[in-house]
Amino acid sequence: MTTAAGVRTVAVCPEGGSDQVIEETAIALVYNGVSHVVMMATPADLEEFGLGFSLTEGLIGKVADLEDIKVIPRESGLELAMTISEEWFDRLAVHRRNMAGRTGCGLCGAENIGQALRKVEPVGMQLKISNEALQRAVAGLESMQPLQLQTGAAHGAAWCDSSGGLLRVREDIGRHNALDKLIGSLCSAGFNPAEGFALISSRASYEMVYK
């Protein structure tokens, strides 16, 4: 029995005891009818996930390039059926041809180190975060994570103001997915990145920083 988006109540012993566990579902990301990738993710905030993933992976350039998105139940998971502009779909077709015949994990489609370690432009913003603001944000994160509180198994990605107040939080069993959901939510709302910072419940690996 599912109790909330992304949470399932399961029996844990014959005597009738139960526990709440986080869900992980196969999510097929499909662009203009063409399957691109299948991700394992928590089935909540999926429209934001699709937008955030598309932006952070460079599959679209701005929110308006994602013209439509639908969540479609499938026999073994869910499909995110997305329609992107013709210009970006043509670019995606070239990218898919470059990926043909290759396998990998995390940096799929990279032919060499130069492609894998994509250039990150310098951050021009001058926002300074005090230690007090950072500690306030860290201390408040878990209380804003309902999936984590119920299951103990969810990563969280939060957008915080300069004083450390948590303005928006998204969760997922995967840390990359949580960040993509947050980015999708923020970009669809037209947030100003110069006025805050992101807080994530995990290590800051290269691809996380790149996103």
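User: How many residues apart are Phe 49 and Phe 53 in helix 1?
Analyst: This is a predicted model, and helix 1 covers residues 46-56.

User: Is Phe 49 buried or exposed?
Analyst: Buried means under 20% relative accessible area. Phe 49 has 0% relative accessibility, so Phe 49 counts as buried.

User: And Phe 53, is that one buried or exposed?
Analyst: The cut-off for buried is again under 20%. Phe 53 comes in at 6% relative accessibility, so the label for Phe 53 is buried.

User: What kind of aromatic pair do Trp 159 and Phe 191 form?
Analyst: Their centres are 5.1 Å apart and their planes make an angle of 75 degrees. Planes over 60 degrees apart count as edge-to-face, so the pair of Trp 159 and Phe 191 is edge-to-face.

User: Where in the chain do those two residues sit, and how many residues apart are they?
Analyst: Trp 159 lies in strand 8 (residues 155-161). Phe 191 is in the loop between helix 6 (175-188) and strand 10 (196-200), so the pair links distant parts of the chain, 32 residues apart.

User: Which residue has its charged end over the ring of Trp 88?
Analyst: The charged end in question is 4.1 Å from the centre of the Trp 88 ring. It belongs to Arg 91.

User: What share of the protein chain is made up of buried residues?
Analyst: The protein chain has 211 residues. Of these, the buried share is 37%.

How values were computed
Residues numbered from 1 in each chain as written. Predicted model: local features only at pLDDT ≥ 70, side-chain atom pairs only at ≥ 80, totals over all residues. Heavy atoms only, no water. Buried < 20%, exposed > 50% of the residue type's maximum accessible area, 1.4 Å probe, protein only. Helix = DSSP H or I, 4+ residues; strand = E, 2+ residues; numbered from the N terminus. Phe/Tyr/Trp six-rings, centres within 6.5 Å; stacked < 30°, edge-to-face > 60°. Lys NZ or Arg CZ within 6 Å of the ring centre and 35° of its normal.
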